[in-house]
Amino acid sequence: MEPEKLKQKLKECKSTGKLNLSYSELPEVSPGLIQQIKDKCPQIWELDLRNCQLTALPDELAELRTIKSVKLNLNQFVTFPSVLCNLPRLTTLEMNGNQLAALDDSIGKLQVIKDIDFSGNRLTVLNPAICKLNTLVSLNLENNLLGALPEEIGFMRNLARLDLSSNQLYSLPNSIGKLVPLQKIDCSANKLSMVPPSMGHLKSLREFDLKYNDLKEPARTKFSEGLPKFLEFLREEETRLQLEEIERSKPKGVEVGAWIEYRLKVNQQDQKIDSKCHLRQGQTMTMGGTKIYSFGGSLLHNGQKTNDLFVMNQDRMEWVKLEQHGSVPSPRDGHCAAYDDVRKQLIIFGGRDAQKRRMNDLYVLDCKTLSWKRPTMDGNIPPHREHASFQVVSANTVCLFGGHGSGQRYNDLHYLDMEHFTWMQPNIAGTAPSPRQGAAMAVHGELIYLHGGRNNFVCDDLWMVSMTGLTWIEVKTSGRFPSPRHGHIMSCVLNAEKQASLYVYGGIDELGGASNSMFRLSKLELVRLDGEAVLGANGQPVNPIWTEIEHELNPNVCRIGIFYGDSLGSFQVGSPALGLVASDDITGETFWDCYKSAHVTALVEKELDEDSLKPMNAKKLRVKHSTENIRSTPSATFRSLSPKEKLMLEYVENFRLQFVELYPTRRPLLLTPVNECLVHKFVCTTMRPTKLPFTELYDAPQCIRFVADFLKYEPLDDPIQYPENIPSPFSVLAWQAGDCFDLSIVLTSLLCGVGYDAYAVMGYAPKAVTLADQEQLQCPLLEEEEAARIAEANRPKKKEVEPEKYRIPKPKCLESRFELDMRAKEDALKAEEEASAEAERLELEREALEGAEEPELAELPDEYAGRRVHAWVLVMAGKREVAENYFVEPSTGRCYPCNGSPYEGVEFIWNHTNFWVNMQEGTMNNNDIEGATLQGISWDLKNTDKWEYVLEAADPLESLNRAEEEVG
């Protein structure tokens, strides 16, 4: 350039800050030119070098530190001039119409750049380093040879304008949907068949040009309908693709009946965090979207309370222990939780901390940031409590009911405004449910349903309250009612005809074990808000109907259920279908490794036979509880057989077969009954000599009295048959109830444990004995008083003590003798009048009774006379200073001499050492005279003519060892 012209340009730059050297055909920018610019234009901010045939820039250009804009259009640059990265204020760069084929990593060092124009070059690849330009607002890549864009383009968080027209792009990266500020994008004249569905979330987008591409249907049609509809289509397409991806990545489940079972994985990306959700109780399981959040609880293997937060993602079937932030709640159990689907947050309330203090604090977890906060609450804050019912009832409201507080249970109902965190306790008319904890809550429209719960008893009632009517209504139902339970779950589900039904599952039963039954209450439309009954065609009230559902869920060591939508999910330990071993022993490594789900509407009604429809007696309920609650039994030996026990059962079965063949008319022997876990055990191994740590029970009278008073006696369900189960003494003492066999085994175990020679006896007894009817017997207390009176009368009298020679004289009485005589006469007269009145009253009562005397009713004969099965205890002489053999009736504690008892026959006896069958004719059947059958019976168990024993050795363990040696 001519010097005068350059001088003029520099003069203009000094006043404007812009140096325009465009179209000057400069072959290069020399260091001398840079020095002149520095001297003449120290505040230059724009350098225009367009169309100058430049191929490079000198390093001295970096000395122009005030430059903000550089225009290098229509030059001959083949590589990017990295010296531009040393301009600390550079915000605008134009390099269109050059020969750039690639960009090096130095492009990422433009610290404050806002606008870049690389249009009209020969770029085939865009260096990912350009994505580090967080300040970039506009990027023009028009008319290049780009075939793809880097995935990192989504990191350019301020990009608002992007021109990609006239390239060779076949696709766009999915991360482009993260460019939230993007307002304009031009992708015309490419080879795009589809754009990323994530772009549907670009709310700031105002211009989107996709002309002259190869868009496929329905994208082409949607694009022609305008940008709003096209973006909506992209969002729908993203949802569809996400669901497809979920199905592809989701572990393949195994169909087991109506259920689909999944093996739960454990996310162990961080080796320092144990993501196994170990078995616990008192935690909350809350469904939020496709995730199940587990918070808190006390670990089963050590009882420690935690504040762990786990999530099980149903899309991946994977446990993850989440890292929590903010005001994390203290470790607790017994709290309640609900999920706010509008704000995507988890809410927990109350519970009991590690110091066993009940709380009424409320915490909120932002499920996106995993940050806890404890909001300031206003209004009528509920008192401290645990095991309350908690449920979201509307978009802004959570309902709280009941719970267990300090020394009391509640039946109050509170609403929480989730927007302002304000508590409100509405005034509800009608009779409220009794105070309770652990009630199940479900919502249907504006109706809130409550079922069951626990106070001093376990409840099974159903209540309803309307959020607008605010009146408590006890719902009258019919059908097969759910058993009383608490801590269960309930949900309202619509069927295909949009009819609502309530489903109830799980919980804790009256015996304290996990209930595994499921029920459905249909025809909820019959419930009226005014509490009045709906009348049927016959004018009789028609109520909703309970039915039991066949859920196909087998008992498990620890099963947790959760309702979501119309489905029931269940966590369990182990699965035969998946090859997962279910161990009965809970250790620190045991966790929920299986998840299964089913649509509740696909589950059918349970078919019940006549026996199932009959009311189940108390013992059957207890046995059912033991079989369904693995953790209720103290040891795995109750549910399995050791190798020695299997050998014993084989030996005993051989004895039974021989006995049946030799004595086909005899009653079958009770050798291997099933225990409370439905496992066959040799009856002698059920007997356990036990010495309790109470000295009061070391003597027979106190021990007998303890069993009779402490254990509730229950007659046999079938008076002429053996009981179906013979439980262990441990379970009988835990249940505090049992039949004659159970009480006899317990008493024999206790007596043998303290040194008595005791046996359980199986035989026959009259009706009064089997029913523990003592109406015809003298009161035991009177018998004790009579025995004490006789003992006192037979006690030798003590010698009279001779009076002492010297005694201190008594003080003289200073009271008037006349007054004493007059007072004595008045008392005698009054006593005579009272005696006369009492005699007249008794005479009148006698006359009335004689006039109303009724004829005595003849007692009906017993249809089971002589056949009523019964068990009692025999205590033999020889040990513990027992002089004579005697019987003990465990139901009443009465003792009888063996030759003067009411019993009518003996079939066999047993204890922990052996089993003896009575072979004495005339002592096994009934006799006309009560107790006469057993008179003269021999109790010499060593006499094989009179008693047939099962085991050759005196100790069954010795026989077991011998059998094992023979097998070996």
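The model is predicted, so to speak of local features at all takes a pLDDT of at least 70, side-chain atom pairs count only at pLDDT 80 or more, and totals for chains, interfaces and linings use all residues. Residues are numbered from 1 along each chain as its sequence is written, and side-chain values use heavy atoms, with hydrogens and water left out.

**Charged surface patches**

- Patches are built from residues with over 30% relative accessible area and no salt bridge, joining like charges within 9 Å (nonpolar side chains, meaning Val, Leu, Ile, Met, Phe, Trp and Tyr, are joined within 5 Å).
- For the bookkeeping, Lys and Arg are positive and Asp and Glu negative, with His and the chain ends not counted; each charge sits at NZ of Lys, CZ of Arg, CG of Asp or CD of Glu.
- Accessible areas are Shrake-Rupley values with a 1.4 Å probe, and for residues only the protein chains shown count as cover.
- On the positive side, Lys7, Lys11, Lys14 and Lys40 gather in a surface patch.
- Helix 1 (residues 3-16) supplies the largest share of that positive patch, 3 residues, while Lys40 lies in helix 2 (residues 31-40). Helices here are DSSP runs of H or I with at least four residues, strands are E runs of at least two, and both are numbered from the N terminus.
- On the negative side, the patch is made up of Glu550, Glu552, Glu605 and Glu607.
- Glu605 belongs to the loop between strand 43 (594-599) and helix 5 (610-613), and is partly exposed at 47% relative accessible area. The labels work like this: buried is under 20% relative accessible area, exposed is over 50%, and partly exposed is in between (1.4 Å probe, protein chains only).

**Salt bridges**

- There are 36 salt bridges in the structure, each being a side-chain nitrogen of Lys or Arg within 4 Å of a carboxyl oxygen of Asp or Glu.
- Lys38 and Glu63 pair up at 2.8 Å, N to O. Lys38 is in helix 2 and Glu63 in the loop between strand 2 (46-48) and strand 3 (69-71), so this bridge ties together parts 25 residues apart in sequence.
- Both partners are partly exposed: Lys38 at 31% relative accessibility and Glu63 at 39%.
- Asp308 and Arg280 form another bridge, at 3.8 Å, N to O. Asp308 is in the loop between strand 16 (298-299) and strand 17 (309-313) and Arg280 in strand 13 (residues 280-281), so the pair ties together parts 28 residues apart in sequence.
- Lys344 and Asp341 meet at 3.2 Å, N to O; Lys344 is partly exposed at 32%, as is Asp341 at 45%.
- Glu237, Arg240 and Glu244 are linked in a salt-bridge network.

**Two buried residues**

- Leu159 sits in the loop between strand 6 (138-140) and strand 7 (161-163), and counts as buried at 0% relative accessibility.
- Skipping neighbours within four places in sequence, Leu159 is in contact with Leu136, Val137, Ser138, Leu139, Leu179, Pro181 and Leu182; contact means heavy atoms within 4.5 Å.
- Thr547 lies in strand 40 (residues 545-549) and is buried at 12% relative accessibility.
- Not counting residues up to four places away in sequence, Thr547 touches Arg480, Met518, Phe519, Arg520 and Glu605. Glu605 is also one of the residues in the negative patch.
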